[in-house]
Every structure is written in structure tokens, then in C-alpha cells.
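Here is a friendly walk through a two-chain model. Please have a look at the sequence and the structure first.

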Amino acid sequence: MHTPSPRLPDPDPGRLHDERDGRDPHVTSPWPAPVDPLLRRPTATADERLARLAARRAATRPPEAPPTSRTAGSRAGGGRRPHPAGNARASALALSLATTVGMAAYLQHLDTVAAAAEGASLTISGSTSGSTTANSTATTATTATTATTATTTAATEPTAATDTAAATTADTAVAATSASALADGTYTGDTDRNKWGPVQVQITVTDGSITSVDVVQYPDDDRKSVQINQRALPALIESALQSQSADVDTVSGATYTSDSYRISLQSAIDAARAAATAG
Amino acid sequence: MTDLMWFLTRSSGVVALVLIVATVADGLMFSGRNTGTRRRPAWWMDLHRGLGGYALAFTGLHLVTAYGADLGVGLTEVFVPGAASSSTTAYTLGALAAYGVALVVTTSWPKRRLRRRTWHALHALSLPAAVAAGVHALQLGSDVGATWYTLLTLALVAIGTYPLALRLLGIVRRRRPEPAMRRPTEVAEHASGDERVLVGAGR
């Protein structure tokens, strides 16, 4: 009589017994393991077959390339491109470089054209007869400085009639108080130096009022200073012509130049007043 | 040489500003999922990183050429905010913008070493940095007033504003609470006619 082998309670009744190797693992079979009829060797368990499969794959897989700097870290392996937008990035870089160089050349061209139109040096001046502008002159910077030095001592020409004329022609209270004591002539103020350079102002007094203001020296050692002063000095000159005094407002962005301008302008006005007193 | 530096610092400053705005716009479009389907997100991310690096490089070029252009400013005035004696606000904003760009870009390279919240807080500095760079350019730019400069400024404002608006709209939509599910009784109260009959029949 056949007696069934002892069985343990099945922990997973839904699992097929032949899912792994065709045998119930809970059955202790007295028979040897089944033999593969073709290989003439016992049928391997699933674990053994998986181990053999892994060994075959490891043998047939090409060796992995050593990680490089472009594929290191999370980008290693997987065949991902290190820079999906590499072409766009290269284009952006080339465009940026070309724009930088091209724009620099274009700005230089504009600067050359502007310099040719305005002359080699600038003497910023203004007068009451016209608008205050940056006028070009044919003199160079060195000759302008030399001429300024010369006019410092020779420009005073006080006349006796200027006080009366200025008093009668001054139509504003400011002009009446500040310009009535000025003698006609051209007066050059002291040179005031600030951290950016010297500032020197020259005024022309006609009929007792300031009719022209020239800035014969201003910081022009660098392009930034030239640019700032070309904007600031006309405003300062306009303000001086309107106020007929050194009481001018500071131009934003040109604080030092404004301060030096006031000092030099005041010294020029003082010279005109002293000439009137002496005359 | 000084002339070359002078023109290069003007052009490199403009290019750096354009790159900063382009990087910020790219990042805003990417983070707002508004990049479309033509390109993969990795493409936009890679472009964003590249533009950020270029923006930092051209900012450095702008600083170097500005120092070499004999503008009357020293290293202290360039690198220390508030140290400039003239145009203090403009120089300060420029220095802060440069620091902001450098911080945002360099902390994005080792991003994985930072906590995401820390990285995100640092990365959000890109917006004020871009604004500071723009104000710096408007206050100190030598070509302010030129037509091309005005048009470029308007274009950059538009390029930066549009993705920012999309991003903010996306944030607002995500934070808006979803309408609560209506209970059957509420449905019955809002239903009428045959619908009410159907709701009642379903109980």
C-alpha cells in the first residue's frame, strides 16, 4: 500500500509547485533529481540557471569604458548625451563673442566719426546770445591750456562805464546784485583740482554781466570723464549764465566737477569784481 | 589698448546683460513647464546652464575690461558695494549684480551637494541680480539715450517680463484650492427637474 510522503502545510496555496523547478519544495523526494535527457545531467534549479545566465552575460558584455569627466557621476553610462543642447550652447557662445567684438568695433567707429566731426579737442563754452553747447575749436589741448595761462594776466580791461551800464541793463534781481560790480573783460578763474583732474573757468563780462563762460580745463584724461563732462558742463554753464553768479546746482553724476566749477567760477567773478573796484 | 578696453567693456556689458536676461527667461520658462514639446526638458536645462556660465564669463570680461579701460575707478570701487565716490548707486548695483550672478551660477554647479531648499533660495537671487544689472546699465551705461540702446532695453524688459508673468500665474494656479467635492445632497439641492428625480432615485 502506497503511503504518501509527509507534507507540510502549504504557506502559499495559490503558488504552483512547479513554478521553480517542477518539484514541490516541501516534498522530500526519495528519488534523485530529474535528469535532462539531452544534457545527461541533473536538471538545475532556478538559482543555478540564473547564476549561469548571469555568467554568460558577463562574459559576452563588452567591458565598460572608464568614466571620463564628461560622463562622470550620474551621466555615466546609459548613452545619454552630456550636453543635449550642445549645438545651441555653442551657437550662443559664438554669437555672444561675435556681438561683443562687432559692437566694440561699431562703437569705435561711432566714436571716430564723432571725434572727426567735433575736432580733436573740445572747449566747452556758452554765452547769453545762444544756447549752451559744446563747441569745437581748432586748438589742441596744449595750446588751449597755454592760451588760458596767458589770458589769466592779460584779459582784464575794466572800463568806467561798465558799472553804470550794468546797473541799468540788469533786468533781474540776481543780475543786479551779482553783476553790477563786475568790470568788463575776460577773467580766468583759479584752477581747482579734484580727484578726477583740474577744472578752470573763464568768464567774459560785457556791460557788467557775465555773457560768456568757457571751461578751459576739465578732466579729460579718460573717456568716461570726457563723456560725463560733455553732459555736465553745458548744464553748469547754463546755470551760471542764468544766475550770473557761482551759485549753481550740482549736476548729478558730476559732483566733483560741479564743486570745482563753482570754486573756479567764483574766483573769476572775484577777479572781475576786484577789477571793478580797482578801476 | 585703453581704447580697446573702453569699447570692449561697453560691448561686453551689454552682452552680459542680454545673457543674464536670457538665462533667467530660460529658467523661468523651464521651471514653469512652458517650454513646449518641441524640445526635451533636458535640452532647455542644458541651454539654461550654458547661458548661465556664459553670463558669468561675460560679466567677468566686463569687469576686467572696465578696470583696464582707465575709467577712473579702482578695484575697491568695483568690488566693494558702496565704495565708489561718484555714481555710488550705479556701481553698487553693478557689484551686487555681479556677486549675485556668480553666486547663482557657482552654486548650481555643485547643486547636488546643497539641499534643494538652500539651492532654490540662492537661485532665486537671479531675479534681483538681473534687475540690479539692468538698473546699473541704465544709470552708468555710456550709450543710454541711443536709439538702439533704448530698443534693446525694451526688448530685454519684454523678454524678462513674459516668462516671469507665466511663472507667477502658474504658482498662483497651483496654490488655488481645488473646489471641494459636492455631496449628493448638495447636488440634489442644485439639481432641478429630471436631475433631481435621478438623484433622488439613486438614494
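## Ground rules

This is a predicted model, in which local features need pLDDT of at least 70 and side-chain atom pairs count only at pLDDT 80 or more, while totals for chains, interfaces and linings use all residues. Residues are numbered from 1 along each chain as its sequence is written, chains are lettered from A and ligands numbered from 1 in the order in which they are written, and side-chain values use heavy atoms, with hydrogens and water left out.

## Chain A: make-up and confidence

Chain A contains 7 helices and 8 strands; these elements are DSSP runs numbered from the N terminus, with helices (H or I) of at least four residues and strands (E) of at least two. Of its 279 residues, 31% count as buried, where buried means under 20% relative accessible area, exposed means over 50%, and partly exposed lies in between (1.4 Å probe, protein chains only). Take the contacts in chain A between residues at least 6 apart in sequence: 49% of them join residues at least 24 apart. Contact here means heavy atoms within 4.5 Å.

The mean pLDDT of chain A is 68, and 51% of the residues score at least 70; pLDDT is the predictor's confidence in each residue, from 0 to 100. Two stretches call for some care. Over residues 130-179 of chain A pLDDT stays under 50, and the model has 69 contacts beyond four places in sequence for them. Residues 69-78 of chain A also stay under 50, with 8 such contacts. Where pLDDT is low, the predicted coordinates should not be read in detail.

## Where the chains meet

At the interface, 31 residues of chain B are in contact with 29 residues of chain A. The two chains bury about 2,700 Å² between them, 64% of it on carbon and sulfur atoms; buried area is the accessible area (1.4 Å probe) that two parts lose on being put together, summed over both. In chain B, the residues that lose the most area to chain A are Phe7(B), Asp46(B) and Tyr54(B), together 23% of what that side buries.

Between the chains there are 5 residue pairs in polar contact (both at pLDDT 80 or more). A polar contact is a pair of N or O atoms within 3.5 Å; within protein, one must be able to donate a hydrogen and the other to accept it, and residues adjacent in sequence count only if both atoms are side-chain atoms. Helix H1 (2-31) and helix H2 (41-68) of chain B each supply at least two residues of the side that touches chain A. By class, that side has 16 nonpolar, 7 polar and 8 charged residues. In this scheme Ala, Val, Leu, Ile, Met, Phe, Trp, Tyr, Cys and Pro are nonpolar, Asp, Glu, Lys and Arg are charged, and the others, Gly among them, are polar.

## Salt bridges

Over all chains the structure holds 4 salt bridges, each a side-chain nitrogen of Lys or Arg within 4 Å of a carboxyl oxygen of Asp or Glu. Across the interface the rule finds 1. Which residues form it? Asp46(B) pairs with Arg89(A), their closest N and O atoms being 2.6 Å apart. This pair runs from helix H2 of chain B to helix H2 (residues 86-118) of chain A. Asp46(B) counts as buried at 4% relative accessibility, and Arg89(A) is buried at 17%.

Within chain B, the side chains of Arg10(B) and Asp143(B) meet in a salt bridge (2.6 Å, N to O). Arg10(B) lies in helix H1 and Asp143(B) in the loop between helix H6 (126-140) and helix H7 (147-175), so the pair ties together parts that are 133 residues apart in sequence. Arg10(B) counts as buried at 15% relative accessibility, as does Asp143(B) at 10%. In chain A, Asp259(A) and Arg262(A) form a salt bridge (2.5 Å, N to O).

## Single residues to look at

Thr65(B) lies in helix H2 of chain B and is buried at 2% relative accessibility. The side chain of Thr65(B) makes a polar contact with that of Thr9(B) (3.3 Å).

Gln244(A) is not a glycine, yet has a positive phi of about 55 degrees; Gln244(A) counts as buried at 7% relative accessibility. Arg33(B), also not a glycine, has a positive phi of about 60 degrees, but Arg33(B) is exposed at 68%.
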